[in-house]
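This report looks at a few places in one protein model. Please view the sequence and the structure below before reading on.

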Amino acid sequence: MTTSGPGRVFRRSAVADPPVAVEANGSTIVDAEGREYLDAAGGAIVVNVGHGRREIAEVMADQATRLAYAHGSAFTTEPLEAYAREIGPRLPVDDPAIYPVSGGSEAMETALKLARAYHLARGEPNRWIVFARWGSYHGNTLGALDLSGRQPLRQPYAAWLGRFRHLSAAYPYRAGDAGAQALGTADELAAELEQAIRTAEPDSVAAFVAEPIVGATLGAVAPPDGYWAAVAAVCRQYGVLLIADEVMTGFGRTGRWFAMDHWGVRPDLLVAAKGATSGYWPFGFVAASGAVHDTVRAAGPFVHGFTYSHSPVGAAVAREVLRILDTEGLVERSAAQGERLLRRLRGRLADHPAVGDVRGSGLLLAIELVEDRSTRAPFPRAARLTERLVAAARDRGVLVYSSTGSANGVDGDLIVLGPPFVVTDAELDRIVDGVAGAIETEAGVDIATR
Ligand SMILES: Cc1ncc(COP(=O)(O)O)c(C=O)c1O
């Protein structure tokens, strides 16, 4: 596509001339040259219900024609009220009230402010400290980035960060490894949180934030058994709000409606986005428990908001996505297809010398590459293995998500998979062929010296 003349896109793509996407359907994206890509990452693990859903486009057009915008400070709207009633029973939050925004980072910022507003409303102004974990991602706005424990993203902006504090990642595969900042058992992790709360000034901790299953940063890492119950108990004991970041894991991605459902733990605040509208509309929300909502509202208005929060079109699209997930049984399908994909990946890659771990839950899966399987030593970052693998898979017509730095903040190579839930069996085979083929050609033992 031409780049000459004034006025151009500040592109996100690292390559100078990315292909021009023109249409998409199911799990396939087509570019302007007619080339097809199997979207094994659902974009950024977003497109849960699949591409090209005309019914969503129709709902969107209909709502935009009738009412595209009414400011949330003056009005509520039918789609918003209906969505809150419909999503409420699905959320692992007691008596939830949703605050809709435009995406995950905004939702995370909103959750932080709500936690602070809650403690202020209760007459505890000293509670301001927030703990998050290393090896996490909570967004790219400065507050959400500061929560995130992902070194390559933090490093350029480190001078602006530092308000929030970080504890060990719940990352059994790398527990105890030098530089990994990870622990592997529920007892150790809960004890570390308790110790951190007790060592902070008395009654000064506002919240603990974590992804129930870590998405992009560590690659589909579930915590050890007993972790969530133990951590929730510590939070409750010390009056610390538990914030679950389900931006990537929500809406069936891990095979349950929400990842917290795997453990039956109910956070005080739950942050959602991505799969809520499956990429059809920029949308996310915070679900506050009834106790948090009522306490904050009783003290007065919650001073917050964005121009595009409480969007009626966003709510209409989210309702339609919810209807599709429900009527087509797509959450169950995510669990079933995820199991198949995991089995096939393990079958094909189990003996490859550069494959350290193949893991995941539902259709959120990851492959962690290592230079040495016995020591889990990562490839040096200079080898740029992840970048090679992403390109090699794309050359085979398969799009994957990826991450670097999981081993020690710099090194570490991850391929993350998250196809739409409508992915077919034949497409699962093509994903396995594309990814395994890329690993087989790019991650030979000589990679570090190439
Ligand atoms: C767990 C998690 N939290 C927050 C975010 C930020 O969401 P957004 O990119 O919509 O701002 C992401 C995005 O990848 C995420 O995976």
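## Asp39 and its surroundings

Leaving aside residues up to four places away in sequence, Asp39 touches Ser27, Ile29, His51, Leu399, Pro419 and Pro420, where contact means heavy atoms within 4.5 Å. Asp39 belongs to strand β3, residues 36-39; strands are DSSP runs of E, at least two residues, numbered from the N terminus.

Asp39 is buried but has no salt bridge. Buried means under 20% relative accessible area, with a 1.4 Å probe and protein chains only. A salt bridge is a side-chain nitrogen of Lys or Arg within 4 Å of a carboxyl oxygen of Asp or Glu. The nearest side chain of opposite charge is that of Arg253, 8.5 Å away; Lys and Arg count as positive, Asp and Glu as negative, and His and the chain ends are not counted.

## Basis of the model

The model is predicted: local features need pLDDT of at least 70, side-chain atom pairs count only at pLDDT 80 or more, and totals for chains, interfaces and linings use all residues. Residues are numbered from 1 along each chain as its sequence is written, and side-chain values use heavy atoms, with hydrogens and water left out.

## Val234

Val234 sits in helix α8, residues 227-237; helices are DSSP runs of H or I, at least four residues. Val234 is buried, its relative accessible area being 6%. Not counting residues up to four places away in sequence, Val234 touches Ala190, Leu193, Glu194 and Ile197. Between the C-alpha atoms of Val234 and Arg359, 125 residues apart along the chain, the separation is 28 Å.

Key
Buried < 20%, exposed > 50% of the residue type's maximum accessible area, 1.4 Å probe, protein only.
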